[in-house]
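Here is my note on the model, point by point. Please read it with the structure open.

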Amino acid sequence: MKLKAKLSLGLWFLFLVSSLLGGLGLYFLRDLAQDSQDILRANYESLSYVEQMTSFIDGREDRLRVTDMQEFETALRKQEQNVTEVGERNLTHQLRMGYSQWQRDTSQFFPLKSLREPLHRISELNRQAIFRKSQTARQTADTALLLLSCIATFCLLVTFSFAINFPSFIANPIRELTGKIKEVAARNYATRLGFRSDDEFGELAAAFNTMAQKLDQWENSNLAKIQFEKRRVETVIASMPEAIIGLDEKRTILFVNPLGLSLLGMKASDLVGKYAPDVAVRNDLLRTLLQGDRDELKIVTEGQEGYFSRETQPVKNGDTQIGEVIVLRNVTRFHDLDQAKTNFIATVSHELKTPISAIKMSLQLLTDKRVGDLNDDQQQLVSSIQSDAQRLLRITGELLELSQVETGNIQLQIAPVSAETILSLAQESVRSTADQRHVQLAVEVPTTSLSVLADPEKTAWVLVNFLTNAIRYSPEQGTVQIVIRKVDQWAEFSVRDQGRGIEASYLNKIFERYFQIPNGQGKTGTGLGLAIAKDFIEAQGGNIWAQSEGLGYGSLFAFRLPLHT
């Protein structure tokens, strides 16, 4: 029988027993009420009428008064209408006959015995009826009490047994199932549920045992394969050209390949299974790797310098991180190539500045009236060559600045300087460009002069870079706003243009080297200007950023430098 059917059967049984108790109680109460009503309505009323009539004739031998006779007549009529017992009607009729004869008798003396005798017999008959009905009511009450007590005792025993056994009937299989599930979670696939029944618990036990059997078969059939795959993965990790360190979610070291052991200078037995922060206390390289504050590391192994890039790859199971893998990639060759590239750029840029400057000088002489007049076509060619020469000079200047940044040879002359001085240097450099494009420079400076600790030349170069870009991307007759203000212990320089703006996805890349906004207008540079500006400002202890509300709303470029106090 199903569990649902058992529960339904038990509840229906309780419902029927409750209904039976209620029905029997109502039945016996109705009988008792009927018996009591019969006694009150018939017998006690007859006794009352008999007492009234008896009180009128007791102690009298003569005739009754007229008023007494009327009251006697009234009581007699009520008695005639309240005949309920066997023989009571004949006695009432005899009483009526005697009373009628008494009314017709004109003698002084009438034998009242003919009235007293039927009255006495009627009274005795009703008393016996009251006693008999009382006995019947008592028997009914006793029978009801006995029957209801038996049924109530039976229901109490059944309910008590149900209350004792039913919770265990439900809880014991669930408790056993919970314990077996925990064993399966602990990879004990040989466990089985022992209870057998034809209800839902039996079906659940059968399904659980089938599941455990399948898991046991899978475990046994795949264990060798899993071990083989594990050895293969370990072999692949050991043969990787990068140093690899694996950690679990508690930062316990799971594995380190041979190259990683070589870089750390430790044995596998001293690392695997150990808590990484504890090992890092006595190993500087591991401590640096766990801190993760540097992505490129210089490591000396066997007397040779090497450069390694650090990458951390989280290992996840769904959305839960269960560990991480630290990879050290040898980038020494690329580092050497980058150094060679930097030296080459510095050399070439420096060598190019001289011929470019000579070209500019020659172009300036060509435009001089004293050398000779140029026709319109020649003037246009000279202007084009001047523009290209200026562009080449700007590019070589940026490349030279980049070479300084990459080699770490940024030569800063940091000293107290007023913000207005830096602004003046920048304005003078871009004034002619702004006039050519008819762009107005709107300046807003504080009433009190601000003094900053900075290299005025490098800082002015950054501000010139901001202004050049702002003028280039602003429409003709537009306005470029320059604001200098004090923010806490910083002096903030900002340049806002009315250009096309920058998409939000490019704001975090705008200061990367060689990055240029796709589909941007006026791609005349190398994409190095903002990257160099960032390095210059951060080298002076400041910070730099860009803001834009989107395309069509212009852009804002700003930097902050510490105030001189």
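Which residue forms a salt bridge with Lys 534? Glu 538 does, with the closest N and O atoms 3.0 Å apart. The notes below start from that pair. Keep in mind throughout that this is a predicted model.

1. **The pair in helix 13.** Glu 538 and Lys 534 both sit in helix 13. Four residues separate them, about one turn of the helix. Glu 538 is partly exposed, at 41% relative accessibility. Lys 534 is also classed as partly exposed, at 27%. In general, side chains of opposite charge can pair when their charged atoms come close.

2. **A network of four.** Salt bridges with shared partners tie Glu 73, Arg 77, Glu 80 and Arg 96 into one network. The structure holds eleven salt bridges. One of them is the bridge between Arg 96 and Glu 80, with an N to O distance of 2.8 Å. This pair links distant parts of the chain. Arg 96 belongs to helix 3 (residues 88-104), and Glu 80 to helix 2 (residues 66-80). The two residues are 16 apart. Arg 96 has a relative accessible area of 17%, so it counts as buried. Glu 80 counts as partly exposed, at 30%.

3. Glu 242 is buried, with a relative accessible area of 12%. Arg 329 is partly exposed, at 31%.

4. **Pairings around strand 4.** Strand 4 (residues 304-317) and strand 5 (residues 320-330) run antiparallel and are joined by ten bridges. Strand 3 and strand 4 are antiparallel as well, with six bridges between them. Thr 301 stands opposite Gln 304 of strand 4. Strand 4 and strand 5 form a hairpin with two residues between the strands. In that hairpin, Gly 318 takes a positive phi near 75°.

5. **The helix across the sheet.**

6. Asp 497 deserves a look. This residue is in the loop between strand 10 (490-496) and helix 13 (529-539). Asp 497 is buried, yet has no salt bridge. How far away is the nearest side chain of opposite charge? That side chain is Arg 496, at 7.6 Å. The cut-off for a salt bridge is 4 Å, so Arg 496 does not qualify as a partner.

7. **What surrounds Asp 497.** Polar atoms of the Asp 497 side chain do have backbone nitrogens beside them. The backbone nitrogen of Gly 499 lies 3.0 Å from one such atom. The backbone nitrogen of Ser 555 likewise lies 3.0 Å from a polar atom of that side chain. Leaving aside neighbours within four places in sequence, Asp 497 is in contact with Ala 470, Ser 474, Thr 479, Gly 554 and Ser 555.

8. **Two positive phi values to check.** Most residues other than glycine have a negative phi. Gln 477 has a positive phi of about 65° although it is not a glycine. Gln 477 is placed in the loop between helix 12 (456-473) and strand 9 (479-487). At 61% relative accessibility, Gln 477 counts as exposed. Asp 488 also has a positive phi, near 55°. Asp 488 lies in the loop between strand 9 and strand 10. Its relative accessible area is 63%, so Asp 488 is exposed.

Conventions. Residues numbered from 1 in each chain as written. Predicted model: local features only at pLDDT ≥ 70, side-chain atom pairs only at ≥ 80, totals over all residues. Heavy atoms only, no water. Buried < 20%, exposed > 50% of the residue type's maximum accessible area, 1.4 Å probe, protein only. Lys, Arg positive; Asp, Glu negative; His and termini not counted. Polar contact = N/O pair within 3.5 Å; in protein donor to acceptor, adjacent residues only side chain to side chain. Contact = heavy atoms within 4.5 Å. Pairing = 2+ DSSP bridges.
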